[in-house]
Amino acid sequence: MHPILFTHQSAEKHQVPRGHPERPERMQALGPILAERATIWQSEIAPEARHEQLQLVHPDSYLNWIYEQAGAVKDAENLVSLDPDTWAGPDSLTAARRGAGAACAGVDRLMGGESLRVFSAMRPPGHHAEPEKAMGFCLFSNAAIAAEYARKTYNLTRIAVLDFDVHHGNGTQAAFYGDGDLYYASTHEMPLYPGTGAADETGCGNIFNHPLAAGAGGAEFLAAWRDVLLPAMLAAKPDLIIISAGFDAHRADPLATLTVETDDFAALTDDIIQLAEETSEGRILSLLEGGYDLTALANSCAVHLDRLSA
Ligand SMILES: [Zn+2]
């Protein structure tokens with residue numbers, strides 16, 4: 001059983017203003033590390049999410065607004081601002097729909113028994129998109145959509161999203177907040193954008209936030225997962241594990257001050273695999289989120305993929 005990689009050229013075409021950190025070059029940086037793994041990771045085209053899949057998290061009022069705003073952009077010289085950080089060009093709606101579609105297709109591959117590991121290498125990312133709000137570079141809440149899709153389509157009882165991006169996934173948390181069967185666990189730097197993610201934001205006992213202080217490194221990062229978050233997820237016994245895989249906690253990342261090293265992402269990936277083997281029959285869906293130093297992004301993503309496929 002090969003691990004499956006979803007991607008699409010639209011991910012590299014999603015346009016943002018000059019100087020924006022969440023830029024097409026991120027996909028170009030991942031290109032070589034994905035190509036090097038082509039014999040191990042079976043590459044598939046990320047399909048566009050259907051309206052009904054997006055509706056699992058986002059109301060029609062929001063979706064129609066996004067379709068209108070992003071669908072109206074005709075050329076890359078006149079990008080549309082969806083929020084101060086979040087932009088759409090001519091290819092952005094397609095890219096965002098394919099990011100959400102890849103997440104759902106990944107669920108299909110895992111639940112169909114075709115693979116135990118799926119990675120979606122798409123941009124824009126998803127974890128800041130709230131049900132009714134585009135923000136933080138994100139249009140659709142990909143991890144939450146995948147969780148709802150898995151529950152609805154495959155009757156899974158409990159699903160967990162593990163988010164190690166340096167920013168708090170306010171969008172995933174908002175989608176899950178009152179739902180005791182959808183778990184969200186996150187490490188993130190605090191204070192930092194978007195400002196949510198305090199330890200006392202616990203939902204209905206399904207939200208586990210572990211903020212880290214500025215400058216914290218791999219020891220604190222791994223201890224948060226090993227001592228607190230992973231044991232909580234083990235107790236939750238999720239049927240499916242979804243990773244919001246952002247690599248911007250890396251020491252080299254320009255958007256935050258944590259000092260996590262490449263090897264720490266490898267170690268955490270190993271720990272998540274162990275959790276998956278104990279609770280979800282090994283099934284892991286990993287979705288690319290942030291990571292803005294191109295070298296650190298490529299190296300960290302490479303070790304993450306290699307551990308997932310080991
Ligand atoms: Zn981030």
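Helices (H or I, at least four residues) and strands (E, at least two) are runs assigned by DSSP and numbered from the N terminus. The chain has ten helices and ten strands. Its radius of gyration, taken over C-alpha atoms, is 17 Å, close to the 19 Å that the globule rule (2.2 Å times the number of residues to the power 0.38) gives for 310 residues, so the chain is as compact as a globular protein of that length. The C-alpha trace spans about 50 × 45 × 40 Å along its principal axes.

This is a predicted model, in which local features need pLDDT of at least 70 and side-chain atom pairs count only at pLDDT 80 or more, while totals for chains, interfaces and linings use all residues. Residues are numbered from 1 along each chain as its sequence is written, and side-chain values use heavy atoms, with hydrogens and water left out.

Of the 310 residues in the chain, 60% are buried, meaning under 20% relative accessible area (1.4 Å probe, protein chains only). Contact means heavy atoms within 4.5 Å. Among contacts between residues at least 6 apart in sequence, 76% join residues at least 24 apart.

Alanine 95 lies in helix H5, which covers residues 92-111. Is alanine 95 buried or exposed? Alanine 95 is buried, and its relative accessible area is 0%. Apart from neighbours within four places in sequence, alanine 95 is in contact with Ser10, Ala11, His14, Met122, Arg123 and Pro124. Proline 125 is 30 residues from alanine 95 in sequence, and the two C-alpha atoms are 9.9 Å apart in space.

Notes
Buried means under 20% relative accessible area, exposed over 50%, partly exposed in between (1.4 Å probe, protein chains only).
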